[in-house]
Amino acid sequence: MRIPVNTSSHAYEVVIGNGILREALQTYKGLVDKCDQIIVLTDEHVWEAQSTYFQNNFPYPFDYFVMPPGETCKSFENYFNVQTYLLEKNCTRKSLIIAFGGGAVGDVAGFVAATYMRGIPFIQIPTTILAHDSAVGGKTAINHPQGKNMIGAFYQPEAVIYDTHILTTLSKKEVRSGMAEVIKHALISNENWLHHLMQLPITELDSHSLADHLKQGIEVKAGIVAEDETEQSVRKYLNFGHTYGHAIEAAAGYGGIAHGEAVMIGTVYALLLSKRYGNVSHEFTKDFLKFAYENGYPFDQVSHFTFEELTPFLLKDKKNEYGVLKFVLLKEIGAPFVQAIELSECKEVDQEFRKLIQ
Ligand code: NAD
Ligand code: ZN
């Protein structure tokens, strides 16, 4: 299956399917032939779990650099080390970067590609469910000690090749994390699809139906990114569940809780706010919470922090303008909008939320 992504700066495709890596890469021979060398950037866990499959199915000569795993690869130090490696390899503007990993690898590899010699081409080969979101849309970044994703660029890949066979070695926690973003895509776009997802044991999908849901998620993301590449308007909707979610993720120390697990917590919080400003019923939120509990999302994490401990992180959210908190809410399922919320109301809803998840 191929999904076109047409942004104002660049058009490309997401190729998705089970066991498609070799065949899909072969269709990019024209691009590869124009390059002088290929550098694969990956991380320790991905390489340990998937290097054999990768090497057996990558049809071109390549060198590779293995970065520290997960979020740690988004440090300035690692970013510097990768750039040094590229310089030592005499990479030029004609060299091609392959990002082989989850969202963390994709983010740093994309930012390396955006900035090495003012920009060289890159291809995303995502290896997590979450990366159906992060690999599409061209947001690239590294972290600063003062905030996650604070240093980055909008930079689109040449292609995204998404082989769901690679997802079979993910831990349950990572599956859960990634599925939270699939559910987010359903919540902001399509009530029927959401209700279908809510009937499923979402951490135990077979690779066929998983590929179908990922395709739908990518279509939602691609549609939004095509309309608003640089987040001036509708792209903000993709932050549904992320305002409170990011605060929990930051308070726990990145890595303490998986990104999508925190987003699921923030999603229930945003549903409660959506009852106040939209028509999302309390019954729906309770059903949704039950579904999230049954699938193992760690709501107990909330009790580790007081609202006051979360407040500085809520105030740092990139969507805020002039010190006013901005939340993405739902008028109803499938109909997102942005709403300014006072901190005092955030606190009220925080108390309501804590009672609900007790
Ligand atoms: P991740 O990249 O940190 O991967 C999670 C863990 O799973 C890591 O330890 C990784 O090594 C391991 N792993 C990855 N693939 C594996 C596989 N196939 N088998 C076994 N282990 C594997 O996490 P993620 O959830 O994919 O991405 C989170 C990152 O994505 C965050 O840094 C977040 O900021 C970023 N993100 C970016 C965007 C964007 O638009 N650019 C959107 C959402 C999230
Ligand atoms: Zn996210």
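The centres of domain 1 and domain 2, taken over C-alpha atoms, are separated by 26 Å. The structure is a predicted model. In the domain assignment of the chain, domain 1 covers residues 2-169, and domain 2 covers residues 172-357.

**Extent of the interface**

- The size of an interface is often expressed as the accessible area that is lost when the parts come together.
- Between domain 1 and domain 2, about 2500 Å² is buried, and carbon and sulfur atoms give 67% of this area.
- On the side of domain 1, the residues that lose the most area to domain 2 are Ile129, His132 and Lys148, which together account for 25% of what that side buries.
- In terms of contacts, 27 residues of domain 1 touch 30 residues of domain 2.

**Polar and charged pairs**

- The interface of domain 1 and domain 2 holds 10 residue pairs in polar contact, with both residues at pLDDT 80 or more.
- Across this interface there are also 3 salt bridges.
- A salt bridge joins the side chains of lysine 184 and aspartate 133, with 3.0 Å from N to O.

**Make-up of the domain 1 side**

- At least two residues of the side of domain 1 that touches domain 2 come from each of strand E1 (2-6), strand E2 (11-17), helix H6 (131-134) and strand E8 (147-154).
- By class, this side of domain 1 comprises 12 nonpolar, 11 polar and 4 charged residues.

**The zinc ion**

- Glu181 (OE), His242 (NE2) and His259 (NE2) coordinate the zinc ion (ligand 2) at 1.9 to 2.1 Å.
- Along the chain, the donors of this zinc ion follow the spacing E-x60-H-x16-H.
- Histidine 242 belongs to helix H10 (residues 242-251) and histidine 259 to helix H11 (residues 259-277), so this pair ties together parts that lie 17 residues apart in sequence.

Notes:
Residues numbered from 1 in each chain as written. Chains lettered and ligands numbered in written order. Predicted model: local features only at pLDDT ≥ 70, side-chain atom pairs only at ≥ 80, totals over all residues. Heavy atoms only, no water. Domains from an automatic or database assignment. Contact = heavy atoms within 4.5 Å. Buried area = accessible area lost by both parts, 1.4 Å probe. Salt bridge = Lys/Arg side-chain N within 4 Å of Asp/Glu carboxyl O. Polar contact = N/O pair within 3.5 Å; in protein donor to acceptor, adjacent residues only side chain to side chain. Helix = DSSP H or I, 4+ residues; strand = E, 2+ residues; numbered from the N terminus. Nonpolar A, V, L, I, M, F, W, Y, C, P; charged D, E, K, R; others polar. Donors = N, O, S within 2.8 Å, 3.2 Å for Na, K, Ca; no water.
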